[in-house]
Amino acid sequence: MKVTYYGHSALLVEAADAKIIIDPFLSGNPHSGIAPGDIQVDAVLLTHGHSDHLGDAVEIAKNNDCPIFAVYELAEYCRIKGAKVKHLNIGGAHTYSGFTVKYTPAFHSSSIQEGDYWIYLGQPAGILLNLEGKTLFHAGDTALFGDMRLIGERNAIDIAALPIGDMLTMGPDDALLAARWLRAAKVIPVHYNTFPAIEQDGTQFCDRLKQEGIDGYPLKAGESLEV
């Protein structure tokens with residue numbers, strides 16, 4: 001499994017038989033380093049509907065004639081916009097094209113603004129992605145919560161992507177505890193330094209992980225990690 005970071009919370013996950021992108025906020029993110037038209041994938045996975053995660057999902061799905069996986073209401077929103085979709089919900093799993101996706105809880109919100117109105121897009125989620133015998137956990141946008149222990153007990157997580165930006169998600173202190181509870185072998189900090197409000201030191205966070213015996217990787221946009 002090869003995981004490439006494209007800034008904010010966007011991850012491209014590649015294996016021999018599948019390529020998947022998670023939360024592709026690319027064109028609106030000056031730190032992504034890649035255009036939506038350059039993405040070639042078999043599926044798009046979304047943790048929730050905020051614009052910095054939904055991002056370019058519909059465009060990428062249409063370009064690649066591939067489905068968007070999302071919680072039911074968000075999947076319906078993407079379907080109405082013209083994309084193929086897979087409707088999931090919290091606790092549900094689905095196997096498709098050689099990989100399995102399972103949605104876990106996340107403590108956040110999920111909506112998008114259109115004109116003067118906010119559209120509710122279902123519950124936010126985390127994602128367990130299993131392919132080629134490896135497991136990636138993308139926590140999405142979330143606070144620290146106790147059932148992360150259960151997620152860690154029930155899954156051998158090779159890589160966890162954890163938000164550290166604070167203010168809108170958990171910050172570094174809570175993310176450090178989340179990494180312990182999840183028992184992740186490797187951790188990629190995400191959802192930080194995109195905007196001034198979520199500025200954090202990813203290297204310092206990974207140094208703290210190392211003190212806990214956890215390997216942390218403060219990837220820059222375009223950099224990859226393999227397991």
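Which residues of helix 3 (residues 72-80) are buried? I looked them up in this predicted model: Leu-74, Ala-75, Glu-76, Tyr-77 and Cys-78.

Next I checked what covers them. The cover on the buried residues of helix 3 includes helix 1 (51-54) and helix 2 (57-64). Strands take part as well, among them strand 5 (67-71), strand 6 (84-88), strand 9 (111-114) and strand 10 (117-120). After helix 3 comes Gly-82, and I noted its positive phi, near 105°.

Entry on the record. UniProt has an unreviewed entry here, and its annotation "domain: Metallo-beta-lactamase" covers residues 7-191. I took the secondary structure over that range: residues 7-191 are 21% helix and 34% strand.

Entry on strands. I started with strand 7 (residues 93-96) and strand 8 (residues 99-105), which pair in the antiparallel sense over 4 bridges. Ala-93 sits opposite Lys-102 of strand 8. The hairpin these strands make has 2 residues between the strands, and Ser-97 has a positive phi there, near 50°.

What else does strand 8 pair with? I find strand 11 (residues 125-131), antiparallel again, over 7 bridges. One pair I wrote down is Thr-100 with its bridge partner Asn-130 in strand 11.

Entry on pockets. The largest pocket holds about 260 Å³ of space. I get 15 lining residues for the largest pocket, and Tyr-5, Tyr-192, Asn-193, Leu-219 and Lys-220 lie nearest its centre. By class, that lining has 5 nonpolar, 8 polar and 2 charged residues.

The second largest pocket comes to about 170 Å³. Which element gives the most to the lining of the second largest pocket? Strand 8 does, with 4 residues. Helix 4 (148-154) also supplies at least two residues of this lining. My list for the second largest pocket includes Lys-102, Tyr-103, Thr-104 and Pro-105, along with Leu-150, Ile-151 and Arg-154. Gly-91, Leu-128, Phe-145, Asp-147 and Asn-155 line the second largest pocket too. Its lining divides into 6 nonpolar, 3 polar and 3 charged residues.

Last note, tying two entries together.

Definitions and conventions
Residues are numbered from 1 along each chain as its sequence is written. This is a predicted model: local features need pLDDT of at least 70, side-chain atom pairs count only at pLDDT 80 or more; totals for chains, interfaces and linings use all residues. Side-chain values use heavy atoms; hydrogens and water are left out. UniProt positions are given in the numbering used here, feature names are shortened, and annotations may be inferred rather than shown by experiment. Buried means under 20% relative accessible area, exposed over 50%, partly exposed in between (1.4 Å probe, protein chains only). Contact means heavy atoms within 4.5 Å. Two strands pair if DSSP finds at least two bridges between them. On a 1 Å grid over the protein atoms alone, a cavity is a set of points where a 1.4 Å probe fits but cannot get out, and a pocket is an open set with protein on both sides within 12 Å along at least five of seven lines; lining residues have an atom within 4 Å of a point. Grid points are joined across faces, edges and corners, and a volume is the space filled by probe spheres set on the points. Ala, Val, Leu, Ile, Met, Phe, Trp, Tyr, Cys and Pro count as nonpolar, Asp, Glu, Lys and Arg as charged, and the others, Gly among them, as polar.
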